[in-house]
Amino acid sequence: MSNQFYDVIVVGAGPAGSYIAYELASLGHDVAVFEEKSAPGLNACCTGIISTECFQSLDLGTDGILTKVNSAKFFSPSGRCLRVQTENVQAYVVNRLLFDKAIASKAQSQGVQYFFSSPVIDIIPEWDSIQVETLCSGAREIFGARAVVLANGFRPKLPRKLGLGKIKSFLVGVQAEIEAKSVDELEVYFSQGIAPGAFAWLVPTSTEHSRGECSAYVGLLSTSRAKLHLQKFLNNLSCQGRITSREVEIRQKAVPVGTLARSYGDRVLVIGDAAGHVKPTTGGGIYFGHLGARIAAEVLNEALNSDNLTAGHLARYQKQWKTKMGKELSRGYWARWVYAKLSDRQIEGIFNILDSGGMAEALLNSDNFSFDWHSKLILAVLRHSSIYPLLKIKRLLYSEASS
């Protein structure tokens, strides 16, 4: 049993975990972060695409920015390309290693203590505190705290053990870093043959070298056999002369599709991927994880100051994050469920509709477009049913949903 006792122990040094640690420490609380990896952001399976709004909210320097995004190419199952572009930068591609380190450095500047290579193996609630059992550099130790925040990604064991439920549905994301040719903007590929139930991507992370090559991330989300599908996708890109090598390291992670039944308990809050705060349409978790961390920090700060850390008091956290992003999540789940049931022929039909009459451009420039909030754009397509092409999309989606 360690003699070290904290106001809050955060499990996980990802963007959400380090951010809430920073916020709580800034408010005067004694905070520690336990991370199983040897450094924050190490070997992350993530494209690192975040909106300008999210990046500005985190208030980080620009050193970790790899590229800026204001255009994209979307490919249909037949290979038809639909290109869209905006005048303003919509997002940044960041180096996750530098990005995560920057947030952790902000937390450390406020006095947060980090324990790396220290996986948390158990959490034991007590009536007046909560104990966290870890393996610190291989040695078993138990630390005490007034409260714990789970921010360790989609790991069902600890939430289930604490009686918070289990997220049953998930996708698998896989990604590799490659050298590519003629990739100067984000590319997204839609086909149930390429990425069942989701999509694949090719994201440049550097400008072209002298030989016309650049570094890029290639990856996909899938409902099954993700690594196999990515290898096939890599083979196709290689045959097209788009990449120089197929011998790459493929990383993978589970991406939750759904939220915990309860993201709070006695002296416990759950944030980020661990709580299911992930955009269902893209699998991106940085922005929603950030929003949840901000809400959790406010609720936990008040609970610590009033010394009321019961589940009943912390339940306000779940109510507030549901108010902020609950509808976005539920509508995103519905859209993803419908998309997973479409055939490649039907996906091709939607591309044909969006590519006709400048519809895609009109939607992109409408008030309903947001890089982070997708439900308004989805609903805009369905509500304008008096317009014939949109009516066709609406009928297609509803017929699939009811079948």
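Me: Before we start, what should I keep in mind about the numbering and the cut-offs?
Reply: Residues are numbered from 1 along each chain as its sequence is written, and side-chain values use heavy atoms, with hydrogens and water left out. As this is a predicted model, local features need pLDDT of at least 70 and side-chain atom pairs count only at pLDDT 80 or more, while totals for chains, interfaces and linings use all residues.

Me: Happy with that. What makes up the secondary structure of the chain, and how many helices and strands are there?
Reply: The chain has 11 helices and 18 strands. Both are DSSP runs numbered from the N terminus, with at least four residues of H or I for a helix and at least two of E for a strand.

Me: Why are H6 and H7 called roughly antiparallel?
Reply: Helix H6 (residues 286-306) and helix H7 (residues 311-341) pack at an angle of about 160°, with their axes 9 Å apart. Axes are lines fitted to C-alpha atoms, for helices over the stretch in contact, and angles run from 0 to 180 degrees between N-to-C directions. Angles under 35 degrees count as roughly parallel, over 145 as roughly antiparallel, 65 to 115 as roughly perpendicular and the rest as oblique. H6 and H7 are therefore roughly antiparallel.

Me: Which hand does the crossing of H6 and H7 have?
Reply: The crossing is right-handed.

Me: Which residues of H6 and H7 meet?
Reply: Among them are Phe-288, Leu-291 and Ile-295 in H6, and Tyr-317, Trp-321 and Met-325 in H7. Contact means heavy atoms within 4.5 Å. By class, this contact has 12 nonpolar, four polar and five charged residues. Here Ala, Val, Leu, Ile, Met, Phe, Trp, Tyr, Cys and Pro count as nonpolar, Asp, Glu, Lys and Arg as charged, and the others, Gly among them, as polar.

Me: What makes H1 and H6 roughly parallel?
Reply: Helix H1 (residues 15-26) and H6 pack at an angle of about 30°, with axes 9 Å apart. The pair therefore counts as roughly parallel, and its crossing is right-handed. The contact includes Tyr-19 and Leu-24 of H1 and Ala-293 and Leu-300 of H6. Its classes come to eight nonpolar, three polar and two charged residues.

Me: How do you know that H1 and H3 are roughly parallel?
Reply: H1 and helix H3 (residues 96-109) pack at an angle of about 15°, with their axes 8 Å apart, and they are therefore roughly parallel. This crossing is left-handed. Tyr-19 and Tyr-22 are among the H1 residues in the contact, and Phe-99 and Ile-103 are among those of H3. By class there are eight nonpolar, one polar and three charged residues.

Me: Which residues of S6 lie on its covered face and which on its uncovered one?
Reply: Leu-82 and Val-84 form the covered face, while Cys-81, Arg-83 and Gln-85 form the uncovered one. In a regular strand the side chains alternate between the two faces of the sheet.

Me: Finally, why is Asn-152 called buried?
Reply: Buried means under 20% relative accessible area, exposed means over 50%, and partly exposed lies in between (1.4 Å probe, protein chains only). Asn-152 has 19%, so this residue is buried. Asn-152 sits in the loop between strand S11 (139-150) and helix H4 (157-161). Not counting residues up to four places away in sequence, Asn-152 touches Val-11, Gly-12, Leu-158 and Ala-274.

Terms used
A crossing is left-handed if the near helix is turned anticlockwise from the far one by less than a right angle, and right-handed if clockwise.
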